[in-house]
Protein chains: 2
Amino acid sequence: MTTRPGPRERLLDAARDLTYAQGVHVGVDAILKQADVARRSLYQHFGGKDGLIVEVLRTSASLTGYRQVMDDAGDDPRDRVLAVFDELERITTQPSFRGCRYTAAELTLTDPDHPAHAEIRAFKDGLHELFTAELTRHGHPAPGFGAEQLVVLVDGVLAHAVTRPDAHPALAARAMAELVLGR
Amino acid sequence: MTTRPGPRERLLDAARDLTYAQGVHVGVDAILKQADVARRSLYQHFGGKDGLIVEVLRTSASLTGYRQVMDDAGDDPRDRVLAVFDELERITTQPSFRGCRYTAAELTLTDPDHPAHAEIRAFKDGLHELFTAELTRHGHPAPGFGAEQLVVLVDGVLAHAVTRPDAHPALAARAMAELVLGR
DNA sequence: TATTAGATAGAACGATTGATCTACTGCCGA
DNA sequence: TCGGCAGTAGATCAATCGTTCTATCTAATA
């Protein structure tokens, strides 16, 4: 039989779900209820709501997701990059899609001193590095600049699809990614 | 002498400032204080905070701003479109830059029934139409699709620059816009 | 068996939220 | 001069926020 995860894990899972679906302004009560965890445990493990949010962002491992999509696409850097936009088309057309968790947190947490900003920055830097490595392998003349272009495309798709999913921004972005990759 | 604007105008101005700088979750008290307006006037003119927010989005006239930038760039559709990204480079590198007001509202207001979503959608649709008209004049083979690409670029720049302004996403996007426009 | 750490349940705190209310003031037109 | 309207000032409301607290229970360890 599968043992139930501990309170810490249950809190992270619930917070991941709820902060994505309802934003980081979800009440602590809702998180506690879904996690089925005592109030005290939250403050014991994470020090407070902010600590929980930071840990959610730090462990959401979206970069691993991107890596997985690319690895599934094979070895050719061109295929690997384009596969990301194919996956974005899938994601952005799902009913549960609510945009990029990190962009949403960045725009919602207007206090510049909030500890979450560092995690958000780290994630986006990581995504840039991921694309830079791929473009370098692809023999791109300016991998850094090309990677900037790709991350702008990704953020653009995720931001735009929240309001206009029927516009299929991922398809529009995929065509631009092809141009960035060259032929 | 210049007469002081009425309470309604002062409320809109204050709400425009504060909801951009601090997000739509700013307290009513802060708006009332900056507008120097009685509490009752807010509910008299807008029915409540939601009504005020909707009116701010409806009258922010960002589309007029885009139009102005394009008109200042002359007659050539190519110059006019690229001028938008030059302007984005200026905007995104200013200290007061806080991203796209509409994207931020969309991601912050997680209630799908909030009346603001209609205004947000209307704005993004309008931007798409603006680009479609320009690409049509430019003789683009697929103006609708090309316009989708441009709005994805704009949203990408505005979303990405909040977290990584030093990456100058507008410059990366401008290069892609050139590719979209063809040569 | 006694001890201790971790978890639970739930009351309670102070602060803040958006909204409603009464009472008062100034102005303009009939 | 009177009536009505728009605006102001501020008390007040119920709800919710994140946090802290006491008290109790459980399970593993010494």
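"Near" here is for residues whose C-beta atom, placed from the backbone, lies within 6 Å of the molecule or strand. Helices such as this one are DSSP runs (H or I, at least four residues; strands are E, at least two), numbered from the N terminus.

Before you click on, note that this is a predicted model, where local features need pLDDT of at least 70, side-chain atom pairs count only at pLDDT 80 or more, and totals for chains, interfaces and linings use all residues. Residues are numbered from 1 along each chain as its sequence is written, with chains lettered from A and ligands numbered from 1 in the order in which they are written.

Elements giving two or more residues here are α2 (28-35), α3 and α4 (49-59) of chain A, plus α1 (7-22) and α3 of chain B.

Now hop to DNA strand C, which has 17 residues around it; A:Ala38, B:Gly27, B:Val28, B:Gly48 and B:Lys49 are the closest. Here α3(A) gives the most, with four residues.

Last stop: the contact between the chains, with 35 residues from chain A and 35 residues from chain B. Two residues count as in contact if their C-beta atoms, placed from the backbone, lie within 7 Å. On chain B's side, select α9(B), which gives the most, 13 residues.
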